[in-house]
Amino acid sequence: MCMSIKSEYQDYLERQEKIKSKSTGKFWINQESRYVKPFQIYGNLYYVGDSWVCVHIVDTGDGLLMFDAGNCGAQAMLIQSIWEMGFNPADVKWIILSHGHADHFGAVNFFKNMFGTKIYMGEPDVKAFHERPELALVQESGNCMDTLFDADVAIKEGDVLTFGNTTIEFLLVPGHTKGCIACFFDVTNGREKKRVGYYGGFGFNTLQTDYLKQIGDTTFEARKEYLNSLEKVRNQKVDLFMGNHTDNVDLLNKRQYMLEHPGENPFLDGEAWKKYLDGKKKQLMEFLL
Ligand SMILES: [Zn+2]
């Protein structure tokens, strides 16, 4: 039996409802409601993400390095924010992904296809894209034409890679996904340097019993891996904690504080990294009991 125009339209409405009715549905619609005016965090480090998903840019002096690529469906907003920050999106030479989930790689295909941007992702998540693509949660995107991609570089434990004037030390911090990465590097305002620490995924959504059983992790290895990862990087010296979701670093309040207190910078806080990781460890221990 042929689908009529009317029944195809009905089918389309039903697909919309299906996306909206998921617990995460609110994150895939009305992207513009999460717009944040982009701003300079410190020196050559800038914020171009939204109120939920972080996107950071480092001006390396030889091209822009971007951390994460926004939520699926948020490409246009990200491009607008990059322009508004005073940069040209075509100058984004590299994208480093915190991990392989659909709320972080929204604009990857656009940058890859439009500008030839090189994509970096933790090796275990590169592998997962081929072997278990459903773990990327791309099926939750409101646009069923969103697709996975081949990363150009699979990041391994201990890699040290240079992007323009910025050299980054990488560690793998499995837990939230197997391919979550942590990065450590310097940013500068021209007079002094500050060391950035980036942790690629804190969410407990992928540690839930039901989720782990579904993916076949019946002994809940992911929870133990997460704990080991926190302990592995906890004592790194970090002057500036960079999150991949805004609530990791209380980004919106800090931004507001900067606007109201010119000359002060709450992002420079030598304790924030340790405090947040310790807090996560505490929550995780309760979870493990
Ligand atoms: Zn995630």
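This is a predicted model: local features need pLDDT of at least 70, side-chain atom pairs count only at pLDDT 80 or more; totals for chains, interfaces and linings use all residues.
Colleague: What radius of gyration does the chain have, next to that of a compact globule with 289 residues?
Modeller: The C-alpha trace spans about 70 × 45 × 35 Å along its principal axes. A compact globule with 289 residues would have a radius of gyration near 19 Å. The chain agrees with that, so the value to keep is 19 Å.

Colleague: Which share of the contacts with a separation of 6 or more comes from residues 24 or more positions apart?
Modeller: Of the 289 residues of the chain, 40% count as buried. For contacts with a separation of 6 or more, the share from residues 24 or more positions apart is 67%.

Colleague: Which strands stand at the edges of the open sheet with 7 strands?
Modeller: The order in this sheet is β1-β2-β3-β4-β5-β6-β7, with mixed pairing. An edge strand has a single partner strand, so one of its sides is left without a neighbour in the sheet. Neighbouring strands here are turned by 25° against each other on average, direction ignored. The two at the edges are β1 (39-42) and β7 (153-155).

Colleague: Which residue in the turn between β1 and β2 has a positive phi?
Modeller: Strand β1 runs antiparallel to β2 (residues 45-47), and 3 bridges join them. Across this pair, Tyr-42 stands opposite Leu-45. The two strands form a hairpin with 2 residues between them, and the turn residue with a positive phi, about 50°, is Gly-43.

Colleague: Which residue of β4 is the bridge partner of Ile-57?
Modeller: Strand β3 covers residues 56-59 and strand β4 covers residues 64-67. They pair in the antiparallel sense over 4 bridges. The bridge partner of Ile-57 in β4 is Met-66.

Colleague: At what angle to β5 does helix α3 run?
Modeller: Helix α3 takes in residues 108-115. It lies across two strands, β5 (92-96) and β6 (118-122). Its angle to β5 is about 150°.

Colleague: Is Gly-70 buried or exposed?
Modeller: Gly-70 sits in the loop between β4 and α2 (75-84). Leaving aside neighbours within four places in sequence, its contacts include Gly-49, Val-53, Leu-78 and Ala-107. A residue counts as buried if 20 or more other C-beta atoms lie within 10 Å of its own. Gly-70 has 29 within that distance, so Gly-70 is buried.

Colleague: How far apart in space are Gly-70 and Thr-219?
Modeller: In sequence, 149 residues separate Gly-70 and Thr-219. In space, taken from C-alpha to C-alpha, they are apart by 32 Å.

Colleague: Which strands stand at the edges of the open sheet with 5 strands?
Modeller: The order is β8-β9-β10-β11-β12, and the pairing is mixed. Each edge strand has a single partner strand, so one side of each is left without a neighbour in the sheet. The edge strands are β8 (160-163) and β12 (240-242).

Colleague: How far apart are the end C-alpha atoms of residues 51-245?
Modeller: UniProt, in an unreviewed entry, places the feature "domain: Metallo-beta-lactamase" at residues 51-245. This span is 24% helix and 26% strand. The distance between its end C-alpha atoms is 8 Å.

Methods: Residues are numbered from 1 along each chain as its sequence is written. Two strands pair if DSSP finds at least two bridges between them. Axes are lines fitted to C-alpha atoms, for helices over the stretch in contact, and angles run from 0 to 180 degrees between N-to-C directions. Two residues are in contact if their C-beta atoms, placed from the backbone, lie within 7 Å. UniProt positions are given in the numbering used here, feature names are shortened, and annotations may be inferred rather than shown by experiment. The radius of gyration is taken over C-alpha atoms; the globule rule is 2.2 Å times the number of residues to the power 0.38. A residue is buried if 20 or more other C-beta atoms lie within 10 Å of its own, exposed if 12 or fewer, and partly exposed in between; C-beta atoms are placed from the backbone.
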